[in-house]
Amino acid sequence: MADADLKLLYRELVSLEIELWDGIEGRLRAEYDLALTSFEVLHLLLRRPGRRIQDIAEEFSITVGGTSKVVDRLEAAGLCGRRANPNDRRSSIVELTPEGRKLVDGALKVFEEELELRIGSVIPEESVREVTAVLSTLRAAGRALDAERKAASQTSVPALRAPKQPGRSAS
């Protein structure tokens, strides 16, 4: 495949992600004073209640520390709370508060409207399915490559030092 084609695809994907993110976040901030990152965490807690910080971090491929900061802000705003994890005393379960559930329910409508305006009204449903499948394939291949590289770096033999040359000091 032509190198220029791959670079163009890369630029288009990255630009689309930025523009899509900014457009949706702009509307969420205007109507709910809600950052898209916060919405994503709240939406996850709505769809899959009882998540740990680690679960949220894994879902979004972000650090546990970054996730904890987002949850801290949401908790301070009264949108979620933490309770002891009955299965693991070292972690807690994050749950929506009634206020958080109400906010995410309204914000979800805005989110879905923006997706329809920015994607659904532009390309046919069959294309949405095809693009989604292609992007899922690319993500899976990227994760496999990253795992392979990580495994290779953990099992590689450390480089041996060059033997000392006779007559040279080890200074």
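Student: Why is Glu95 called partly exposed?

Tutor: In this predicted model, Glu95 has a relative accessible area of 33%. Buried means under 20% and exposed means over 50%, with partly exposed in between, so 33% puts Glu95 in the partly exposed class.

Student: What makes the pair of Arg83 and Glu95 a salt bridge?

Tutor: The closest N and O atoms of Arg83 and Glu95 are 2.9 Å apart. The cut-off is a Lys or Arg side-chain nitrogen within 4 Å of a carboxyl oxygen of Asp or Glu, so the pair qualifies.

Student: Which class does Arg83 fall into?

Tutor: Arg83 counts as partly exposed, because its relative accessibility is 36%, and that class runs between 20% and 50%.

Student: How do you know that Glu25 is buried rather than partly exposed?

Tutor: Glu25 has 16% relative accessibility. Buried means under 20%, so Glu25 counts as buried. Its salt-bridge partner is Arg29, at 3.7 Å from N to O. Arg29 has 43% relative accessibility and therefore counts as partly exposed.

Student: Where do Glu25 and Arg29 lie?

Tutor: Both are in helix α1, 4 residues apart, which is about one turn of the helix. An α-helix has 3.6 residues a turn, so residues three or four places apart point the same way.

Student: What is the spacing of Arg129 and Glu125 in helix α6?

Tutor: Arg129 and Glu125 are 4 residues apart in α6, so about one helical turn separates them. Their closest N and O atoms are 3.0 Å apart, and they form a salt bridge. Arg129 has a relative accessible area of 45% and is partly exposed. Glu125 has 59%, and since exposed means over 50%, Glu125 is exposed.

Student: Why is Glu114 called buried?

Tutor: Glu114 has 7% relative accessibility. The limit for buried is under 20%, so Glu114 counts as buried. Glu114 lies in helix α5 and touches Gly23, Ile24 and Arg27, leaving aside residues up to four places away in sequence.

Student: What makes the meeting of Glu114 and Arg27 a polar contact?

Tutor: Their side chains are joined at 3.0 Å. A polar contact needs a pair of N or O atoms within 3.5 Å, one able to donate a hydrogen and the other to accept it, so the pair is listed as one.

Student: How does the span of α5 compare with the expected one?

Tutor: Helix α5 covers residues 98–120, which is 23 residues. From first C-alpha to last it reaches 31 Å, close to the 33 Å expected at 1.5 Å a residue. Its buried residues include Gly100, Leu103, Val104 and Phe111. Among the elements that cover the buried residues of α5 are α1, α2 and β3.

Student: Which residues of helix α3 are buried?

Tutor: Ile53, Asp55, Ile56 and Ala57 are the buried residues of α3. Their cover includes α2, β1, α4, β2 and β3.

Student: What makes the phi of Ser61 worth noting?

Tutor: Phi of Ser61 is near 55°, a positive value in a residue other than glycine. Most residues other than glycine have a negative phi. Ser61 lies in the loop between α3 and α4. Its relative accessible area is 62%, and exposed means over 50%, so Ser61 is exposed.

Student: What is the phi of Asp33?

Tutor: Asp33 has a positive phi of about 50° and is not a glycine. Asp33 is found in the loop between α1 and α2. With a relative accessible area of 66%, Asp33 is exposed.

Student: Which residues make the nonpolar surface patch?

Tutor: Met1, Leu6, Leu9, Leu13, Val131, Val134, Leu135 and Leu138 make a patch of about 740 Å². α1 and α6 each supply at least two of its residues, and α6 gives the most, with 4.

Notes
Residues are numbered from 1 along each chain as its sequence is written. This is a predicted model: local features need pLDDT of at least 70, side-chain atom pairs count only at pLDDT 80 or more; totals for chains, interfaces and linings use all residues. Side-chain values use heavy atoms; hydrogens and water are left out. The expected span of a helix is 1.5 Å times one less than its number of residues. Buried means under 20% relative accessible area, exposed over 50%, partly exposed in between (1.4 Å probe, protein chains only). Contact means heavy atoms within 4.5 Å. Patches are made of residues with over 30% relative accessible area and no salt bridge: like charges are joined within 9 Å, nonpolar side chains (Val, Leu, Ile, Met, Phe, Trp, Tyr) within 5 Å. Accessible areas come from the Shrake-Rupley method with a 1.4 Å probe; for residues, only the protein chains shown count as cover.
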